Amino acid sequence: MNMPSGLSRRDFAKYLFAGSALSAAALDELNAGIGQKITALNQKYLDDEAPDGVYWEEIRKLYEFDDRFIMMNNGTLGPMPKSVFNTLMKYFRVQVSNPFDSYNFLPSFRESVRTKLAAFVNASPDEIALTSNTTEGLNFVINGLDLKAGDEVLMSNLEHPGHVGPWRLKEKRTGISIKEVPLSPATRAVDEIVGAFAAAITPKTRVISISHTVFITGLIMPLKELSQLAHDKGLLILADSAHGIGMLDLDMKALGIDVFASSPYKWLGAPTGMAFSTSARRPSTRSTRRSSAPAGKRTRRPPSSIRRASGPTP
Ligand SMILES: Cc1ncc(COP(=O)(O)O)c(C=O)c1O
């Protein structure tokens, strides 16, 4: 920034503040305009005044990506809406112009983000941990699980490296065994998938760790049914749902998954590097579900070797 010459320190501070406040206000105004535009567009769409093509052309204008492209790959990063970019710029401006203020107000957003996210995926705010990406969320949880040599973890053969990596590292460090359940890339039948996992469970199995949306085939795994299977057998179930949020309607309570990690900057337009994982706090879940399992199917106690890492939710 070019500081006007002849300013005292006090004047300089005022100048800085006025500059950033003005810019922040302008960005807020821009976002308010975008909000109004979306409301009007949605109304027109509902009233059948804007057919599909027109509607989506208008929506497209609310994104920043290069107009030469048709965005068909939400892997790694999805497109960021202009309003999100504006908001990021607003807070970056505070960060660069008055770094001390970042201590005061940036952390104050954390709880409201957790609360909104929780409502969006039907979880409780205290079940949500904010992370930088799905891979980080999975790493935290996998590293924190108390498994011992010989314990088995079931994964499919269609998993993403960000999901496989932390398990393979744990296997090296602790002597657990990762078993790959082979699924055909063309598999779609729920019974076939659940049946393959059921057949792979042994007395040593402790965890099922599975993709929600498979990154190489687009298959959406039957998480609810796999979760039911896991709980009937007293196992923990983790889902790598990097693409889930924003692409699918998510309901954590209905899915029944114990740990679920997702990256809202792929399909939901969230700022890059803002993700979450949920760890269901359902202490009675296993005993409830176990008691509903058919007699004779329950041959083992819930794995006492598995405990979530203790301490407060990050
Ligand atoms: C199934 C799956 N898991 C994990 C990841 C890694 O996600 P992130 O880069 O957000 O950690 C991806 C990336 O697209 C993915 O498709």
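**View 1. Residues around the ligand in the predicted model.** Asn133, Thr135, His160, Phe215 and Ser263 come nearest among the 14 residues around the ligand; a residue counts as near if its C-beta atom, placed from the backbone, lies within 6 Å of the molecule. The shell divides into 11 polar residues, two nonpolar and one charged. Here Ala, Val, Leu, Ile, Met, Phe, Trp, Tyr, Cys and Pro are nonpolar, Asp, Glu, Lys and Arg are charged, and the others, including Gly, are polar. At least two shell residues come from each of H6 and H7. The model is predicted: local features need pLDDT of at least 70, side-chain atom pairs count only at pLDDT 80 or more, and totals for chains, interfaces and linings use all residues. Numbering starts from 1 along each chain as its sequence is written.

**View 2. The open sheet.** Seven strands in the order S1-S7-S6-S5-S4-S2-S3 make up an open sheet with mixed pairing. Its edge strands, S1 (128–131) and S3 (177–181), each pair on one side only. Helices (H or I, at least four residues) and strands (E, at least two) are DSSP runs numbered from the N terminus; two strands pair if DSSP finds at least two bridges between them.

**View 3. Strands S6 and S7.** S6 (residues 259–262) pairs with S7 (residues 275–279) in the antiparallel sense over four bridges. Val259 has Ser279 of S7 as its bridge partner.

**View 4. Helix H6 on the sheet.** H6 (residues 134–144) packs on the sheet and touches S1, S5 (236–240), S6 and S7. Contact requires C-beta atoms, placed from the backbone, to lie within 7 Å. The direction of H6 makes about 30° with that of S7; axes are lines fitted to C-alpha atoms, for helices over the stretch in contact, and angles run from 0 to 180 degrees between N-to-C directions.

Terms used: Contact = placed C-beta atoms within 7 Å.
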